Amino acid sequence: MDTSSIRIKEDRLRQDLLDLGRFGEMASGGIGRTALSDADLEARRWFKERMREGGLKVREDAAANIIGRMDPPSGPNEEPCIATGSHIDAVAQGGKYDGALGICAGLEALRAIRESGVSLPCSCELLVFTDEEGSHFAGTFGSRAMFNLLQEGEMEKSRGAGMASLAKDLKRMGKDPQKIAEARRSPSEFQAFLELHIEQGPVLEEMEVPIGIVDGIVHLGRYLIRVIGKSGHAGTIPMHLRDDALIKAAGIVTAVNEAVRSAGPEIVGTIGEFRVQPGAINIIPGQVEMSLDLRSMNEEKLTSVKRQIEKIVLSAEKAGMETVLTKGGVRMDPDVMMADELSCRERGIPFHRMGSGAGHDAMTFPMVNIPAGIIFIPCVGGKSHCPDEEIRFEDACRGAQVLADTMVRLAFRGPLHPLP
Ligand SMILES: [Zn+2]
């Protein structure tokens, strides 16, 4: 497949990214654009307009996913489509490129394919998914709604008192949450899904490689560690008679960190939440609760480190650990990865195969047997989910080029090796 006529226009892509970054922009330079907030709704309206200007047929489904379709020049047909996309929402105080890159680059890829005159045998779709970041309850809402992977009742749940549920916010924009099943689509409508995303870590920048080809998304385990002590007066109880829950917890934190570090580079572990009770300056801590987040591409490694940590926790007096959530990892499709590699090779762009420590909408597709791939570009300083999130536009341009080339390559299927 000769893809040399497909040319991404860096200026146009840059302008779209900058324009989209104005919706929800904060004084800090980051954005506040949680899913279905006012800023998100405005951004969605603007983006739908950009999609229409780009020649896509645009509709919105019952889960508020935005779907833009570009039919082949010969007219619509029943062939399964090649899809790309990402999300338009951001975490609270997030950055301008997480998700935004994937949808803007997807749009640019489709425009470039159309302008190239290449006559595709199937339609292409650009999918803008709702609430990938899980600001209502759980993440990747839109993509899971599309393939009937929602949990019972999750649309009614929210992240805390006073916060809206998805059902409520969908109603606010005029949708009927009871009709969520209308968002469902058959996996047979899709030939493949590709997502371009910022790496959200420092690996590519450190290696000075512009493209990452993701081979899988990590297994995830989340746990709650609880340490019980005895609260009491901070002035009257001598040190040797105390059972201070925080002191015991501090020992556990250090030991957990040691255990994860010594398990090697394949696994990461984080204690990010820490609650001390009663939590007053003049009371000895009676209870501590902390979170533990473990991630690895290697499921056995994750299980063995988790067991080791359990032993550490149980060796402390009156301490326990329970599982809050486990999520299986996902393997990306080997043929899609090969197509990505070929696109990189033909453009002379260095690439690196790597795992992803974060979840993305693309991980929903393998769950329903749709071949999927993720392409990463570096983010400056490895920073993400913060106002400092930055990219280099030439990297975005290269990523969009690999995306467009690979979409075309996959549309013609089979040619996963160079044609004569
Ligand atoms: Zn994202």
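**Close-up views of a predicted model**

**View 1. Met51 and its surroundings.** Setting aside neighbours within four places in sequence, Met51 is in contact (heavy atoms within 4.5 Å) with Leu56, Val58, Ile66, Ile67, Gly68, Leu107, Leu126 and Val128. This is a predicted model, where local features need pLDDT of at least 70, side-chain atom pairs count only at pLDDT 80 or more, and totals for chains, interfaces and linings use all residues. Residues are numbered from 1 along each chain as its sequence is written, and side-chain values use heavy atoms, with hydrogens and water left out.

**View 2. The nonpolar cores.** A nonpolar core here is a set of buried Ala, Val, Leu, Ile, Met, Phe, Trp, Tyr and Cys residues joined through side-chain atoms within 4.5 Å; buried means under 20% relative accessible area, with a 1.4 Å probe and protein chains only. The largest has 59 residues, and those touching the most other members are Leu17, Leu20, Phe47, Met51, Ile113, Ile391 and Met407. Helix H11 gives the most to this core, with eleven residues. Look also for a second, separate core of 24 residues, including Met146, Val214, Ile370 and Phe376.

**View 3. Glu341 in helix H9.** Glu341 sits in H9 (residues 334-347), helices being DSSP runs of H or I with at least four residues, numbered from the N terminus. Its relative accessibility is 9%, so Glu341 counts as buried. Beyond neighbours within four places in sequence, Glu341 is in contact with Ile213, Phe351 and Arg353.

Key: Helix = DSSP H or I, 4+ residues; strand = E, 2+ residues; numbered from the N terminus. Buried < 20%, exposed > 50% of the residue type's maximum accessible area, 1.4 Å probe, protein only.
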